[in-house]
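Here's a walk through this fold, piece by piece. Have the viewer open and follow along.

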Amino acid sequence: MKRLLKNGFPLSGVLAAALSCLAAPAGAGPLPIVHQALVAPPMMPPPITRKTPARVVVDLTVEEVEREIAPGSRYMFWTFGGTVPGKMIRVRTGDTVELHLKNLASNKLPHNIDLHAVTGPGGGAPQTLVAPGNQAVFSFKALNPGLYVYHCATAPVGMHIANGMYGMILVEPEKPLPKVDREYYVMQGEFYTGTGYRAGGLQPFDMQKAIDEKPTYVLFNGADRALAGNKALTAKAGEKVRIYFGVGGPNLASSFHIIGAIFDKVYSEGSAHFQRNVQTTMVPAGGSAIVEFTPRVPGSLTLVDHSLTRAFNKGAIGLLTVSGPDRPDIYSKGVISALGAASPVSVKPSPGEDAPVNAEPPQAHEAAPADHGRAVFSKNCVVCHQANAQGLDGVFPPLANSDLIQKRPLEAARIILGGRAGPITVNGVNYNGVMPALDLSDQEVADVLNYVSTQFNHGKPVVTVDEVKTLRAQRQ
Ligand code: HEC
Ligand SMILES: [Cu+2]
């Protein structure tokens, strides 16, 4: 993965010298260029073995992806690199990070990135705001070692984070952390979906729930059971395990605890100093901790937010399966006997049987059969105009009871067909935003507008496919 920038002086004097000046601080030679390996959580990119600074090129692509948030329940996630949390970046103190933030043309919204490892305004956010189909290149020097959260900081910020736009960057100290046997990457975040926990179908984002800080889900790594079943973390008894743990939020702090383990070390708040022998560590929203422990007994360890209804009723639970020989000197079998009885009865739990995460089987729901207009609406419009088409104060105009749709349906069809930018007044309220073109067929445009008109404006179908076809022809 590593590519050293060849010292280009023999190539051509002036040009190479100029280039190397751009790439390196004054006085230093050109930094070797290293490409960041990006791996999906809960895995970590490999530890750094370099002893000197480099220019680390990170290709991070924003992807808006619809996938399961819980079995049978789907959600539109906004991600850094296609995963929640976003891909881990791993650099060394003194490195210069050259971040290429790409916003896929198929995305619907502008995004940016604020890295808590940056020294400077907005953590880089003002330098990286990109519309779909564009990329920003931004570089910064990692001055302080530590484990830092990054997140999208595009308005409404809470909404971007609540949809999954957070991850972490590990800035290793010059003298690296001691070697361990296993490293994992776990982040907690809440999700505010339109209906209840594990409700079926495509779930919209609910801004009011987010404002009230009443999440439907509190999750590790972006999905219910993301760390359970065959996706549980694993370790052998006696191995040293290190978890890079962070909280994306947007709102809740975590009382991070592992049932059945004691943290030998906690680098609180992701800093350079550690405490020993910790049971539960408090991690703030937008903060982190590095925890280390050594499982010694086979069975399941359970990762939880020890605010426990979040674990058992909202999903903040994960498993680490430990293999190895029994150690009755550390952890004996329970011996059960009737009070006053003579012969004890041994009860033998098999490893993993005690894991509460399996207590409640996932309920799969069939998505209700929806007409085409409603399907187009939930897939394409809800993300901005909201579940009941009520819009979002000052940001997205309402489609429900919209005077524009009621009085000028063909204008509405034109907007849905081609998008719109600039000042617009709906029901006497001014908005000034960008609605991207959504690449819908004539049929989809007609169906979604007729659905919105019938469902949310107490009207009738207002446009035909032929009319949309004519509008499209006029645009060309
Ligand atoms: C990425 C966010 C976004 C998405 C997705 C989106 N819109 Fe919009 N929409 C906007 C914004 C912002 C405006 C205001 C545009 C402006 O200020 O020029 C708007 C304006 C409108 C308007 C005119 C104003 C009104 O409230 O009546 C209609 C109609 C409309 N959108 C319909 C839709 C439909 C139907 C869909 C789904 C097929 C959709 N939009 C998807 C952001 C979005
Ligand atoms: Cu964003």
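Glutamate 269 has 16 C-beta neighbours inside 10 Å, so it counts as partly exposed. You'll find glutamate 269 in the loop between strand E16 (263-267) and E17. Its phi is positive, about 55 degrees, although it is not a glycine.

Keep in mind that what you're looking at is a predicted model.

## The chain overall

The protein chain has 10 helices and 25 strands. Of its 476 residues, 41% count as buried. Take the contacts with a separation of 6 or more: 69% of them are between residues 24 or more positions apart.

Which residues come nearest to ligand 1? Of the 31 around it, they are Cys381, Cys384, Pro397, Gly433 and Met435. By class, the shell has 23 nonpolar, 6 polar and 2 charged residues.

Several elements each supply at least two residues of this shell: helix H6 (382-385), helix H7 (403-407), helix H8 (409-418), strand E24 (420-426), strand E25 (429-435) and helix H9 (442-456). In the loop between E24 and E25 sits asparagine 427. Asparagine 427 has a positive phi near 50 degrees, and it isn't a glycine. With 13 other C-beta atoms within 10 Å, asparagine 427 is partly exposed.

## Helix H9

H9 has 15 residues and spans 21 Å from its first C-alpha to its last, close to the 21 Å expected at 1.5 Å a residue. Its buried residues include Val445, Val448, Leu449 and Tyr451, and also Glu444 and Asp447. What do the buried residues of H9 pack against? Their partners are helix H5 (372-380), H7, H8 and helix H10 (465-475). After H9 comes histidine 458, with a positive phi near 50 degrees.

One open sheet has 6 strands in the order E12-E10-E14-E19-E16-E17, with mixed pairing. Strand E12 (217-220) and strand E17 (275-278) are at its edges with a single partner strand each, so one side of each is left without a neighbour in the sheet. From one strand to the next, the twist averages 25 degrees. At the E12 end, strand E10 (residues 182-191) and E12 pair in the antiparallel sense over 4 bridges. Glycine 189 has leucine 219 in E12 as its bridge partner. Aspartate 212 has 11 C-beta neighbours inside 10 Å, so it counts as exposed.

The other open sheet has 5 strands, ordered E13-E21-E20-E15-E18, and its pairing is mixed too. Strand E13 (233-236) and strand E18 (280-283) are the edge strands, each pairing on one side only. Neighbouring strands here are turned by 20 degrees against each other on average, direction ignored. Strand E15 (residues 254-259) pairs with E18 in the antiparallel sense over 4 bridges, and the bridge partner of serine 254 in E18 is valine 283.

## Strand E3 and its partners

Why is strand E3 (residues 73-80) largely enclosed by the rest of the structure? Because 7 of its 8 residues are buried. Strand E2 (residues 55-70) runs antiparallel to E3, and 8 bridges join the two. In that pairing, glutamate 66 stands opposite methionine 76 in E3. The hairpin of E2 and E3 has 2 residues between the strands, and glycine 72 takes a positive phi near 85 degrees there.

E3 also pairs with strand E11 (residues 201-203), this time in the parallel sense over 3 bridges. Here arginine 74 stands opposite leucine 202 in E11.

## Two cis peptide bonds

Most residues other than glycine have a negative phi, and most peptide bonds are trans. Valine 84 and proline 85 are joined by a cis peptide bond, with omega about 0 degrees; proline 85 is in the loop between E3 and strand E4 (89-92). The bond from alanine 155 to proline 156 is cis as well, with omega near -10 degrees. Proline 156 belongs to the loop between strand E8 (146-151) and helix H2 (157-162).

Definitions and conventions:
Residues are numbered from 1 along each chain as its sequence is written. Chains are lettered from A and ligands numbered from 1 in the order in which they are written. This is a predicted model: local features need pLDDT of at least 70, side-chain atom pairs count only at pLDDT 80 or more; totals for chains, interfaces and linings use all residues. A residue is near a molecule or strand if its C-beta atom, placed from the backbone, lies within 6 Å of it. Ala, Val, Leu, Ile, Met, Phe, Trp, Tyr, Cys and Pro count as nonpolar, Asp, Glu, Lys and Arg as charged, and the others, Gly among them, as polar. Two strands pair if DSSP finds at least two bridges between them. Axes are lines fitted to C-alpha atoms, for helices over the stretch in contact, and angles run from 0 to 180 degrees between N-to-C directions. The expected span of a helix is 1.5 Å times one less than its number of residues. A residue is buried if 20 or more other C-beta atoms lie within 10 Å of its own, exposed if 12 or fewer, and partly exposed in between; C-beta atoms are placed from the backbone. Two residues are in contact if their C-beta atoms, placed from the backbone, lie within 7 Å.
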